[in-house]
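The following paragraphs guide the reader through selected side-chain pairings in a protein chain. Please keep the sequence and the structure in view while reading.

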Amino acid sequence: MAKGLEGNEDLHPVIQLARDAIEGYLKEGKHISPPEELTPDMREKAGVFVCLKKDGELRGCIGTFQPTTDSIAEEIIQNAVSAATDDPRFNGVEFHELKDIACSVDVLTEPVAVADIKD
């Protein structure tokens, strides 16, 4: 079983931020603000994918290939909420499910042009 929202002190900061964003949105109906003190990486701009799984099965996944916000932290918040509520393949995540949801966050690098289909 995936870890619940309580007792997540050992989660990576990007995972914790995604989980906090989902919990905040489901409780309050609005996006949380990024933490006051961001890790240096979370201040950068990049595309981000947030995927949710329940019992090993995909439960939601939304991402951006290019940044659409001012920081990775904001991108995580936006895409985590969208993965939980707006993935058209699934009904929205309900608050009672959060304890069973595993979350992954992928921060993308800049796209690289390829010269040939073989590349």
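By about how many helical turns are Glu-23 and Lys-27 separated in helix H1? In this predicted model, the two residues lie 4 residues apart in helix H1 (residues 13–28), a separation of about one helical turn. Glu-23 forms a salt bridge with Lys-27, and their closest N and O atoms are 3.3 Å apart. Glu-23 is buried, with a relative accessible area of 18%, whereas Lys-27 is exposed at 52%.

The count of salt bridges comes to 5. Another of them pairs Arg-59 with Glu-97, with the closest N and O atoms 2.9 Å apart. This pair links distant parts of the chain, since Arg-59 belongs to strand E2 and Glu-97 to the loop between H3 and strand E3, 38 residues apart. Arg-59 is buried, with a relative accessible area of 13%, and Glu-97 is also buried, at 6%. A further salt bridge joins Arg-89 to Asp-87, the closest N and O atoms being 2.6 Å apart. Here Arg-89 is exposed, while Asp-87 is buried. Salt bridges with shared partners also join Lys-54, Arg-59 and Glu-97 into one network.

The model contains 1 disulfide, which joins Cys-51 to Cys-61 with an S to S distance of 2.1 Å. Cys-51 lies in strand E1 (residues 48–54) and Cys-61 in strand E2 (residues 57–63), so the bond ties together parts that are 10 residues apart in sequence. Both cysteines, Cys-51 and Cys-61, are buried. Cys-103 takes part in no disulfide; the nearest cysteine sulfur, that of Cys-51, is 8.4 Å away.

How values were computed
Residues are numbered from 1 along each chain as its sequence is written. This is a predicted model: local features need pLDDT of at least 70, side-chain atom pairs count only at pLDDT 80 or more; totals for chains, interfaces and linings use all residues. Side-chain values use heavy atoms; hydrogens and water are left out. A disulfide is a pair of cysteine sulfur atoms within 2.5 Å. Buried means under 20% relative accessible area, exposed over 50%, partly exposed in between (1.4 Å probe, protein chains only). A salt bridge is a side-chain nitrogen of Lys or Arg within 4 Å of a carboxyl oxygen of Asp or Glu.
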